[in-house]
Amino acid sequence: MADRRGLLIILSSPSGAGKSTLARRMRDWDPGIAFSVSSTTRAPRPGEVDGKDYHFVTEPEFKAQVANGDMLEHAHVFGNFYGSPRGPVQHAIDQGRDVLFDIDWQGAQQIRNSALGQHTLSIFLLPPSIPELRKRLEGRGQDDAATIARRMQRSWDEISHWDGYDFVLVNDDLDVTETQLKTIVAATRLRRLQQPELTEHVRKLQSEFEELA
Ligand code: ADP
Ligand code: 5GP
């Protein structure tokens, strides 16, 4: 067991608000942050790499993982199943590494209510406006018009859960949001709960005090 307890850093937002972009920047900032690679039954998009962006699995494979208790959380989103495999997360936080999750509000809620809930840091990203959200989805150039329309329709459902998160950021200027994100993570790493070694340190301070007497 490491000196510090890793954080489960959850990033949620309506699709297109900037989660993946900011998750990438966070990992460039601190390569020690592990990324939870979700399993999904959806088809890979052009450029997505199996095992890096997602584990692309069949529905029976996904359901077997859930039945075996191998998923920390799972949800049905846009007609596909998504879930966070438990093993790699537990391994990383036992080593004192933080784990970053790009998951929806249902997954965030399940992790918050799990045994690891006290080690979570949840952040919700809001777009500056709905027209800007649509512009970003279109500009990403990954989805056809019907998929974009479906994602836009589902946006309000995701946004309506904004008030269940520890922090909420309006992702207008990307650099500003990135700085805010780093500040939040740096501060949360100093929570008493994330620093179990403090008990030992305070014990040492106490014995130094007693030697003074
Ligand atoms: P999500 O992962 O939330 O679906 P992405 O990170 O893929 O969203 O971002 C959607 C698109 O918007 C991408 O093309 C990305 O480059 C762009 N984008 C993200 N954040 C901003 C921002 N603050 N300003 C302008 N464009 C942004
Ligand atoms: P996409 O298909 O655009 O990659 O993801 C669609 C939505 O599913 C996003 O809101 C994303 O955050 C969410 N998602 C991705 N992986 C997981 C997961 O493992 N669990 C949950 N609950 N949601 C996920």
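Contact here means heavy atoms within 4.5 Å. This is a predicted model, where local features need pLDDT of at least 70 and side-chain atom pairs count only at pLDDT 80 or more, while totals for chains, interfaces and linings use all residues. Residues are numbered from 1 along each chain as its sequence is written, chains are lettered from A and ligands numbered from 1 in the order in which they are written, and side-chain values use heavy atoms, with hydrogens and water left out.

Start by selecting T40. Setting aside neighbours within four places in sequence, T40 touches Y54, H55, F56, V57, N80, F81 and Y82. T40 counts as buried because its relative accessibility is 0% (buried is under 20% relative accessible area, with a 1.4 Å probe and protein chains only). Now show F81: its backbone oxygen sits 3.0 Å from a polar atom of the T40 side chain.

Next, select ligand 2. Of the 17 residues around ligand 2, those that come nearest are S38, R42, Y54, E73 and Y82 (around means a heavy atom within 4 Å). Color the shell by strand, and you'll find that β5 (71-77) and β6 (80-85) each supply at least two residues (strands are DSSP runs of E, at least two residues, numbered from the N terminus).

- S38: an N or O atom here is 2.7 Å from an oxygen atom of ligand 2.
- Y54: a polar atom lies 2.5 Å from an oxygen atom of ligand 2.
- E73: a polar atom lies 2.7 Å from a nitrogen atom of ligand 2.

Note on methods. Buried < 20%, exposed > 50% of the residue type's maximum accessible area, 1.4 Å probe, protein only. Polar contact = N/O pair within 3.5 Å; in protein donor to acceptor, adjacent residues only side chain to side chain. Helix = DSSP H or I, 4+ residues; strand = E, 2+ residues; numbered from the N terminus.
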